[in-house]
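User: I would like to understand the labels used for this structure. Could you take me through them one at a time?

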Amino acid sequence: MLWMNQVFKQVRDRVKPPQWASWQTLLFLSIFSVIVAALTTSPQPQIAQRIISSFGWVFLILSVWWFVYEPEVKKKLTVYELFLGPWIVGILVCIYLFGTIEGRTVPTQTAFISWPPISALIWSSPKFVKSDPSTKSPVYTNPSKDRRLDIILVLLANLVLSCWFQFYFQTQDWLTRNPGLRAEDFSRSSFVWQPQRYDRAEVLSRGADVLNVAAQNVRTELEGKPWGQVERWLTQLDQQVPRLRQQVREELPRSPGSDLWTLNAEVTSSAYDLQLQALWTRSNSRREGYELTRTCRITQARKPGSEQEFNFRESAPPATAPARQQIVGTVQCGPIDAPRQIEPNRS
């Protein structure tokens with residue numbers, strides 16, 4: 001038992017704050033609040049846990065704020081006469097305000113945009129406080145002219161930084177709402193992050209997938225079908241193309257590149273050559289588009305009748321009739337033609 005007492009004593013000496021009024025005390029209070037919040041069970045919306053965890057965040061923020069203003073720490077965090085401690089405290093404040101309270105995934109856009117001005121306010125707040133020589137208590141003071149100028153410059157600089165954060169998130173939102181912009185080249189932009197660069201071979205591969213799926217659906221629709229039904233399908237091509245587009249959209253894997261392709265079809269000759277056309281064009285784009293085509297020839301074929309019909313009008317046995325031949329459609333699709341480049345539409 002003696003060795004256990006020595007271990008406990010060493011641990012207590014290490015974790016014991018040098019004095020009760022210290023940043024270590026606030027840190028221990030924060031840890032204690034987190035443990036209590038984790039052990040507390042309450043029904044939704046868990047108000048008790050939220051209140052206790054909020055106390056934990058407040059104690060943590062105050063502890064870090066106190067810690068970064070320690071003389072030795074402040075000296076290490078000062079770069080070119082700029083003390084970075086307030087921006088570290090600002091990170092915790094933004095996570096608490098826009099992550100914990102809002103219940104969203106951290107970091108949020110609001111946290112990023114609010115971080116610079118909140119940090120600037122934290123940086124400037126000590127300049128409005130001084131120690132009363134008689135009572136040693138903090139009192140409000142009006143900063144000197146030079147300090148007011150510094151405060152204004154720092155606030156404006158951080159507001160500009162906040163605007164750049166806002167601009168970055170705005171451009172990302174434009175890319176999300178307009179998938180066609182993703183194909184543009186933003187390699188020289190510092191604000192647009194492209195998870196996937198433009199790849200011509202990959203773009204054309206997706207167009208080929210559109211034509212292959214469309215050709216397969218045309219075969220399914222017309223192969224072996226009575227010729228009258230095939231001709232009716234071709235004469236109503238303007239009604240069949242939207243349905244064909246929907247089938248292609250449902251069968252292809254979802255990807256931003258596939259949505260940029262438009263499928264068209266037309267009969268190009270009296271011999272029923274059905275030309276499938278995939279277009280990759282975008283309005284107000286500086287990048288060229290592409291056109292891929294594939295032709296399917298639809299012809300007649302004779303299909304022998306599968307069932308024999310008895311002719312009871314003939315008296316001579318056997319009273320059977322020869323099998324009837326049926327005219328059906330057959331579909332033969334050629335290879336995909338070489339891609340044709342389309343000039344960008346600047347209208």
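Analyst: Happy to; here is how the labels are reached. This is a predicted model, in which local features need pLDDT of at least 70 and side-chain atom pairs count only at pLDDT 80 or more, while totals for chains, interfaces and linings use all residues. Residues are numbered from 1 along each chain as its sequence is written, and side-chain values use heavy atoms, leaving out hydrogens and water.

User: Thanks! How many helices and strands are there in the protein chain?

Analyst: The protein chain has 11 helices and nine strands.

User: Why is Asn-217 called buried?

Analyst: Buried means under 20% relative accessible area, exposed means over 50%, and partly exposed is in between (1.4 Å probe, protein chains only). Asn-217 has a relative accessible area of 10%, so it is buried. This residue lies in helix H8. Leaving aside residues up to four places away in sequence, Asn-217 touches Leu-244, Gln-247 and Glu-251, where contact means heavy atoms within 4.5 Å. Across the protein chain, buried residues make up 33% of the 347 residues.

User: What makes Phe-55 partly exposed?

Analyst: Phe-55 has 48% relative accessibility, so it counts as partly exposed. You will find Phe-55 in helix H3 (residues 47–68).

User: Why are H8 and H10 called oblique to each other?

Analyst: The axes of H8 (residues 200–222) and H10 (residues 237–251) cross at roughly 120 degrees and come within 9 Å. Axes here are lines fitted to C-alpha atoms, for helices over the stretch in contact, and angles run from 0 to 180 degrees between N-to-C directions. Angles under 35 degrees count as roughly parallel, over 145 as roughly antiparallel, 65 to 115 as roughly perpendicular and the rest as oblique. H8 and H10 are therefore oblique. Residues making the contact include Val-210, Val-213 and Asn-217 of H8 and Leu-244 and Gln-247 of H10.

User: How do you know that the span of H8 agrees with its number of residues?

Analyst: The expected span of a helix is 1.5 Å times one less than its number of residues. H8 has 23 residues and should therefore span 33 Å, and its end C-alpha atoms are 33 Å apart, which agrees. Just after H8, Gly-224 takes a positive phi of about 75 degrees.

User: What makes H6 roughly antiparallel to H7?

Analyst: The axes of H6 (residues 109–124) and H7 (residues 145–177) come within 8 Å and cross at roughly 175 degrees. That angle makes H6 roughly antiparallel to H7. The residues of their contact divide into 15 nonpolar, five polar and one charged. Here Ala, Val, Leu, Ile, Met, Phe, Trp, Tyr, Cys and Pro count as nonpolar, Asp, Glu, Lys and Arg as charged, and the others, Gly among them, as polar.

User: Why are Tyr-80 and Glu-81 called exposed?

Analyst: Tyr-80 has a relative accessible area of 81%, so it is exposed. Glu-81 is exposed as well, at 80%. Tyr-80 lies in the loop between strand E1 (78–79) and strand E2 (82–83), and Glu-81 lies in the loop between E1 and E2. Most residues other than glycine have a negative phi. Tyr-80, not a glycine, has a positive phi of about 50 degrees, and phi of Glu-81 is positive too, near 65 degrees.

Key: Helix = DSSP H or I, 4+ residues; strand = E, 2+ residues; numbered from the N terminus.
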